[in-house]
Every structure is written in structure tokens, then in C-alpha cells.
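Here is a short note to read beside the model. Keep the structure open and find each element as it comes up.

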Amino acid sequence: MNTYHKQYDVLVVGAGHAGCEAALAAARMGCKTLIVTINLDTIAKMSCNPAIGGLAKGHLVKEIDALGGEMGKNIDKTGIQFRRLNTKKGPAVRSSRAQADKKAYQYEMKRVLECQENLDIKQVLVEELLTESGKCIGILSQTQTAYLAKTVILTTGTFLKGLVHIGDVSYSAGRAGESSAEKLSESFLKLGFEIGRLKTGTPPRVNSHTVDFDAMEIQLGDENPRPFSFSTEKISQPQMPCYITYTNEKTHQLIRDNLHRSAMHSGRIVGIGPRYCPSIEDKVVRFADKDRHQIFVEPEGRDTDEIYLNGISTSLPEDVQVEMVHSIKGLERAEIMRFAYAIEYDFAPATQIKPTLETKRVENLYFSGQLNGTTGYEEAAAQGLMAGVNAALKVRGEGPLVLNRAQAYIGVLIDDLVTMDIREPYRMFTSRAEYRLELREDNADLRLTEIGHRIGVVDDEVYQRFQVKRQLIQEELERLNQTMIKPTRDVLARLKEVGIPQIKNPASLADLLKRPEVDYTQIYQITPSPQSLPKAVEEQVEIQVKYEGYIRRQSIQIEQFKKLETFRIPDDFDYKSTRGLKTEACEKLAKIRPRSIGQASRIPGVSPADISILMVLIHQKRKSGLSVAS
């Protein structure tokens, strides 16, 4: 065994979306960082849908950006269509989504990595974790070279014993056309980690010249697209159209007739697939009453003819895939360029990691991304960022950064993973966030940029722009609350002119803006701000004024939540020797070892009665001065 001549502070295994964010965060925080990947040409590759964001996922991307991450900036540069979803609903559930130029996204992220100070990039296949006295000290490559580091972050995606399935054909691969990592899982098992199997899949890609787009519904991007990154001033590149078509009864009958040939339905796949992004076989079986399913026909880039058929992920044999695609309106003569497939891979249930993403069993080892059982680029990138931050903080000898459920969707994501013992691919939804009125896309920078700058991920230039924005918002809120208007003849005439209902008593501009039928533009026409305000500032001011009552009520709930979160449970608390707790609660608490009463209360199988007993016992032992461990 050879030892590489450099030693690192942080070593990241895998250069997918989690790995890129982890490596960039650690390097930007001043740590000597190495990122290794099986193939340098597939850095930040979009294995499935070439898109970023979507419902709740857009929130994650905004938070990644607010904390100094790269995903938002990269999609702003390389996106080919931008759309904001749920625009007719409240601001809490509005989300951004962008179709990416698949190759441009990869190349731009690779360029960013290559230009990053403190960061080395190497093409290496990792086969073993190196440990010493219960601590991870590096990795061993296929060529028997040891790379040593103070901390190691694993972001292995679908590559751990990856197995591709197409009909009755199966072969080892991390992705179609790429080798899998066969030996690293064995290293996990030797260290005592639990390993499970999950499954995901991807649809066929077809040649655009063989698609009849005139037979489909066109779907255009937003006229004035919104950037993902708070530091992007404007999306200037031209957008490309997407299209919509549907499956039909002929499609469904074809699938039903061939279910026995589907790798998933024939029982050949043992891994659990994503509940919220099922294969077309699953859709036809589970939703038998539906006579059609929507398909989004999406280009994969500006300089390619490949079209992604979003909505018909499948593991059916190639001959059936051809018939299935040809049964769909607009795709009757479509030529498949890449066949769909399902992929099975190893993952490590996330109850084995702390909220910092460091493993409980091996110190200085961090798990991130699909390895923890998530699905989606955005969920992976969010974990990667936090793993990189916490590894760097540990190297610097500082306390960890753990975002709670009231601070960020990232906090919700990680808390769910480490608390709920999830055994199927996890996907973020707005419904998972109890405090989603506070956790909006539009205020991610107001919630998190201060934190990002404090730990060294957000640079001074970005932070200064943020401070200016925050000050403008505060000044405008004060102006709206302090500026009073009276129902004089001139004022009433002006209100009528701009379409604001009449007033009978003196009112502040903020009071007027709270009315559902009034928007900020009308207020500005009555009494304009003394300075020109950016659109983002105007939007933030309007949301904060209109939803002030709701936000205040949620703030009260958040304060109650914080009390339970700050009620810490000692790390060495002996649950199994504690009287009064149910057996199931003892087992779950001992396995997960929650940091706080708040986290303990969210563990399935732990009842409110168990929580009450736990709080009393901790109080009693603290009061008596005894150790809370038996």
C-alpha cells in the first residue's frame, strides 16, 4: 500500500450534487480538501431528470444558495427554461423550477470545482475506509493508494453495488454505462454499519427529430424568469419550450400485459422504490381508475437532440418500451436513444448518523446524499453542504452547525432522516415543514445568509449586498407603518384613482397594504418610497405586511418548539434502565439517541406520555445533582 504525499483536512468521496457542495463548502471554509470520483467527466451529472427545483425542492436550492452553496448559481447560468410553481397559492408554497442544459450544468460545476482554492480533484475508485481507534483517517483506492484526511465525507449516490435492471436483464453499474463500487459496502459492514437496498429508475430518452411536437401541448417558461441565486441579477439566456402529452388506455393495456416482464413487478428487484416518483408500471397498477397519466416532454440541452420523457420511468424490456412509447400521442414514430432502466443500490439507514451527518459508529466519518436514503439532486446537495460545513467546523475545532425545523427546510430534511428511521427513498414536500409560513423561498437569505457568513461559506461581497437588502426592507417596513394618510378629499380621490377602496378613518400605508385587494404597486403610487427599491425588496415587504398576523402566530409556535429543542438529553442517558417508559419507546430512543426532548417527541413509537416521563426523570436527576446516566 502506498500513501499519497499530501494529507487533507476533508476528503469527499463522490462528485455528484452532494459531493460538489460538500467539497466547495469545506474548501471555502479554509480546509485543504480533496474530492475523488470514479469519472471526472461525470461531475454533477444529472442521472435522471435534467432539472433543478420543483415543489419544496426549490426551497432547498434557495437555502443552499443563502448558505453559500453553488447549485442555485449554476442552474441560473445553465438553465434553459425557468418556471415558478404554485403562483396562485400563498407565498409559503410557491416554488421555483428550472430545466437545465444537462451537459452545460456538468461542465460549469466542474469548472467551479477546478478553480476553487484549497480543493484538489482526482479520478479514484474507493474500495475501503481506513480507520484507527474508532476514527476514520482516510480511504484506500483500487490501486492500493491510501489518501489520508482528518475527516471523510461519503456521497456515493447509486454506486454502492449498483445493479441496473431492464426487463429480465441485469448488470452491475453505478449508472447506465458507468461502473459500480463493489467493495466499499463490505468496508461498511466490517465497521458494523447496517446496509439496506433501495431502487430508483429513469425513463427513455428519444430523438427530437422523431417527435411530433404539434400533437402536444406546449409549455413555455416564465416571461420574466426569477433567478434561483440571490446573487444573480437577471436570467438573460433564451428559454426553450417543453411539451405535455399523456398515456392512454392502449399504453396501460400494453403495460398490464407485460407486468410479468417488468423487473420491479416480477420480484427480481428487492430494493424499495420512491413512493412519490413511481414507475409507470406502478402508476398503472396503483391508480387503475385513471385513464391517462401526464408526461412532460423536456429537452436535455441546447446542443443535443435528446428529449427526456418525464413520467414514464420503467424497468420493462426494450421491445415493450418501444411499443409503449409509440402508443403515446406525438411519440408514434419516436426513436429511443437511451432505454429506461431501474437501478438498485446499497444505502445506510440514516438513524446511524447524528444531526451533523457524522456517523455515530465511526468518528470523523460523514454520510450524505442518497447514501442516507434520499432521492433528488436538491436533497443530496443540501446534505452535502451541511456535511462539508460540519466536517470543516470539526477540523477547525469549532462547534457543529445544526439547523432546526424552524430555521430551514434543510433542518426538516435532516431531522426527518435521523429521527424517523425511513426505509424508502425520501423526498422533500412543503407539507413536511410545520413552520412553512416562515420557511419561504423568498426569505431564505434573511434566514440563513448571516449564518453562512459567520462560518465562512458566504463571502464578504455577497454578505455586503445582503446587508443592503436587509436594511432596505427594514426601512421600507418602518415607512409603511409610520406614514399615515387621512380621508381628505384629495386623498380619497387619489385612492379611487389607483383602485384602493375608500377609508373613513386615518390609516397607515401598512394598514392599506394588508387589504387582500391592494398590492405594493398601488401603495407606491400613493406615496412612493424616497429611493428606488429592487423588486425582491418590494416583494419581501409586501409579504411581511400582508401575512404579519399569520407570521406572528407561527412565531409563537416556533418559540414553543424552541423550548423543547433546547431541553437537551444527555448523550449518555440510559434509556433501557429507566422505569416508566414503554418497551418500544426505550428501544427507539436507545437506537436514535435524540439530542433533545423535541427530537425525541418526533420519533415514531414514542408517545406524549413517554415524553412526559422522560422530562420528569431528567428534571429530577438534574435537581438532585445525580448523573442522568444509570
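1. Strand E12 (residues 196–202) and strand E19 run antiparallel, joined by seven bridges. Two strands pair if DSSP finds at least two bridges between them. Helices (H or I, at least four residues) and strands (E, at least two) are DSSP runs, numbered from the N terminus.

2. **What you are looking at.** This is a predicted model, where local features need pLDDT of at least 70 and side-chain atom pairs count only at pLDDT 80 or more, while totals for chains, interfaces and linings use all residues. Residues are numbered from 1 along each chain as its sequence is written, and side-chain values use heavy atoms, with hydrogens and water left out.

3. Look for Val164, whose bridge partner in E19 is Ile343. Strands of a sheet pair through backbone hydrogen bonds, either parallel or antiparallel.

4. **Is E19 buried or exposed?** Strand E19 (residues 341–347) is mostly covered, with seven of its seven residues buried. Buried means under 20% relative accessible area, exposed over 50%, and partly exposed in between (1.4 Å probe, protein chains only). In a regular strand the side chains alternate between the two faces of the sheet. Both faces of E19 are covered. On one side, Tyr341, Ile343, Tyr345 and Phe347 are buried. On the other, Ala342, Glu344 and Asp346 are buried.

5. **An open sheet.** Six strands form an open sheet in the order E14-E15-E16-E17-E13-E18, with antiparallel pairing. E14 and strand E18 (336–338) stand at the edges, each with a single partner strand, so one side of each is left without a neighbour in the sheet. Neighbouring strands of this sheet are turned by 35 degrees against each other on average, direction ignored. For such angles, axes are lines fitted to C-alpha atoms, for helices over the stretch in contact, and angles run from 0 to 180 degrees between N-to-C directions. Val206 has Ile336 as its bridge partner in E18.

6. Glu217 lies in strand E14 (residues 217–219). It is partly exposed, at 40% relative accessible area. Which residues does Glu217 touch, not counting those up to four places away in sequence? They are Cys242, Tyr243, Ile244 and Tyr246, where contact means heavy atoms within 4.5 Å. Glu217 and Cys242 are 25 residues apart in sequence and 8.6 Å apart in space, C-alpha to C-alpha. The side chains of Glu217 and Tyr246 make a polar contact at 3.3 Å. A polar contact is a pair of N or O atoms within 3.5 Å; within protein, one must be able to donate a hydrogen and the other to accept it, and residues adjacent in sequence count only if both atoms are side-chain atoms.

7. **Salt bridges.** Side chains of opposite charge can pair when their charged atoms come close. A salt bridge is a side-chain nitrogen of Lys or Arg within 4 Å of a carboxyl oxygen of Asp or Glu. The count comes to 45 salt bridges. Take Glu114 and Lys110, with their closest N and O atoms 2.5 Å apart. Both lie in helix H4 (residues 102–115), four residues apart, about one turn of the helix. Glu114 is partly exposed at 47%, and Lys110 is partly exposed at 22%.

8. **A bridge to a buried arginine.** Arg405 and Glu434 meet in a salt bridge at 2.9 Å, N to O. Arg405 lies in the loop between helix H9 (377–395) and helix H10 (409–420), and Glu434 in the loop between H10 and helix H11 (444–455), so the pair ties together parts that are 29 residues apart in sequence. Arg405 is buried, at 4%, whereas Glu434 is partly exposed, at 37%. Salt bridges that share partners join Arg405, Asp415, Asp416, Glu434, Glu565 and Arg602 into one network.
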